[in-house]
Amino acid sequence: MIRLILPTHLWRLANTDREVEIEVADPATIEAALDALEARYPMLRGTIRDHVTKERRAYVRFFACGEDWSHEPQDMLLPEAVVKGEQPLRIVGAMAGG
Amino acid sequence: MSGVRVLVGTHKGAFILTSSDRNGRWDVSGPHFAGWDIYHIKGSPLSPDRLYAAQSSDWFGQVIHRSDDGGKSWAPVGNQFPYDGNPGTHQFYDGTQHPWEFKQVWYLEPSLTDPETVYAGVEDAALFRSTDGAETWQELPGLRSVKGHLWQPGGGGMCLHTILQDPADPDRLYIAISAAGAFRSDDRGQTWRAINKGLHSDYELPDAEADVGHCVHNIAMHPSRPDVLFMQKHWDVLRSDNAGESWREVSGNLPSDFGFPIAVHAHEPETIYVVPIKSDAEHYPPDGKLRVYRSRTGGGEWEALTKGLPQKDCYVNVLRSAMAVDTLDPCGVYFGTTGGQVYASANSGDSWTTIVQDLPKVHSVEVQVLP
């Protein structure tokens, strides 16, 4: 179970809470986490990454365990603390975006 | 409820203003979609409680919502706008070629004939149609084949911002793009041609009378005379009496013929409204006076409408989709400003009242008369 923290616009759009828990199949990568998130909340498709290319939108950032994961390959395994649910994967709107 | 419902799209959410008599109290609902840029929100003429709203965000891209209860509740619908095939390139600000890239929806036009059909005008300029209530979108790519490589962004981006349907001929559509010009389809959007003869863009284009490339800001028609079109271009107010085959300038005695919106009175097809803006570099009213100008002669002769509007120190703008008329008698006229005011006139513009004065920057205003 992975904990995901969503930015305000997106948890309101998904009609859920700021933090959601998502079951992610192995291997637990950012891509797998986003696939699971979009499967449960299809209205989020296109808002975090491109519909087709799956590239992260320019003003979206991924933070985990105090590190910036925005530019890591999307098939890289998430930190163990995130995979165990001890730490959340944070999806953040970049400060420059507003 | 009976009365008037004004749909306002702003930089940080949508607002729905309702009144039973246009002269008394207004109920203000919102912000809906708080924090999102709402470029347009519009209702179906066939089913007035069916509303469509376009939300966009630099962070999170494009979202579309639909309501079936007049805006009390909303459901997210399709937000994927795939260009048909490889869209190629268009002209960029600097004259080089630049790939076509979807950025956002500027305009939503529900069909006059089918409540499940809605058109979307987008940036980079293209026209999309949904026939399933905005769940899925398909491009009408014939439009981009009309010298799309010569289209270029205006100051707001390369946007398809106006869609008009001919109520007498369901095959006929008009659209306008900044900066490409006006275009017409006579086969429900499959094929298109430029209708820009008579437009002169001396300061914007190397060929002032080019087929395409003109920065058309808005076009309007009266439903009883769909062959008569009115245009606010970057500079110049124009009219066409032959469905866009040719245009002539009707700026007349306007203090400035630069501006963004243009609207037609609901019951007088020769009565039109514009809001003169000082210049392309100075997006505010001349002399700090917010004046709507009305022509009762289809252009040429204009009168300033000032009663109830600020006549000193006013430096707001009125954007291209931010003026609308209702169909009551006398005709109501409404517009919103970049300063967050929404003004209403219940007497065809003779006098104005402020409905709200502190909203975010207003992108769009639409009006519905409720039974």
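How many C-beta neighbours inside 10 Å does S348(B) have, and does S348(B) count as buried or exposed? With 21 such neighbours, S348(B) counts as buried; a residue is termed buried if 20 or more other C-beta atoms, placed from the backbone, lie within 10 Å of its own, exposed if 12 or fewer, and partly exposed in between. The structure is a predicted model, in which local features need pLDDT of at least 70 and side-chain atom pairs count only at pLDDT 80 or more, while totals for chains, interfaces and linings use all residues. Residues are numbered from 1 along each chain as its sequence is written, and chains are lettered from A and ligands numbered from 1 in the order in which they are written.

S348(B) lies in the loop between β28 (342-345) and β29 (353-356) of chain B; helices (H or I, at least four residues) and strands (E, at least two) are DSSP runs numbered from the N terminus. Although S348(B) is not a glycine, its phi is positive, near 60°. A positive phi, of about 60°, is also assigned to R188(B), likewise not a glycine. R188(B) belongs to the loop between β16 (181-185) and β17 (193-194) of chain B and is partly exposed, with 13 other C-beta atoms within 10 Å. Most residues other than glycine have a negative phi, and most peptide bonds are trans.

Two cis peptide bonds are described next. The bond from E123(B) to D124(B) is cis, with omega near -5°, and D124(B) is placed in the loop between β11 (118-123) and β12 (126-130) of chain B. The bond joining D329(B) and P330(B) is cis as well, omega being about 0°; P330(B) is found in the loop between β26 (323-325) and β27 (333-336) of chain B.

Strand β5 of chain B, residues 51-57, is mostly covered, with seven of its seven residues buried. L51(B), A53(B), Q55(B) and S57(B) point one way from β5(B), whereas Y52(B), A54(B) and S56(B) point the other way. In a regular strand the side chains alternate between the two faces of the sheet. Strand pairing requires that DSSP find at least two bridges between the strands. β5(B) runs antiparallel to β4 (residues 37-43) of chain B, to which six bridges join it, and H40(B) stands opposite A54(B). With β6 (residues 61-67) of chain B, β5(B) pairs in the antiparallel sense over seven bridges; A53(B) has H65(B) as its bridge partner there. The two strands β5(B) and β6(B) form a hairpin with three residues between them.

The contact between the chains takes twelve residues from chain B and 15 residues from chain A, two residues being in contact if their C-beta atoms, placed from the backbone, lie within 7 Å. On the side of chain B that touches chain A, the largest share, three residues, comes from β6(B). By class, that side of chain B has five nonpolar, six polar and one charged residues, where Ala, Val, Leu, Ile, Met, Phe, Trp, Tyr, Cys and Pro count as nonpolar, Asp, Glu, Lys and Arg as charged, and the others, Gly among them, as polar.

Chain A contains an open sheet of five strands in the order β2-β1-β5-β3-β4, with mixed pairing. Its edge strands, β2 (19-22) and β4 (67-68) of chain A, each pair on one side only. β3 (residues 60-64) of chain A and β4(A) run antiparallel and are joined by two bridges, with D68(A) in β4(A) as the bridge partner of F63(A). Helix α2 (residues 30-40) of chain A lies across β1 (2-5), β2, β3 and β5 (89-93) of chain A, and runs at about 105° to β2(A); axes are lines fitted to C-alpha atoms, for helices over the stretch in contact, and angles run from 0 to 180 degrees between N-to-C directions.
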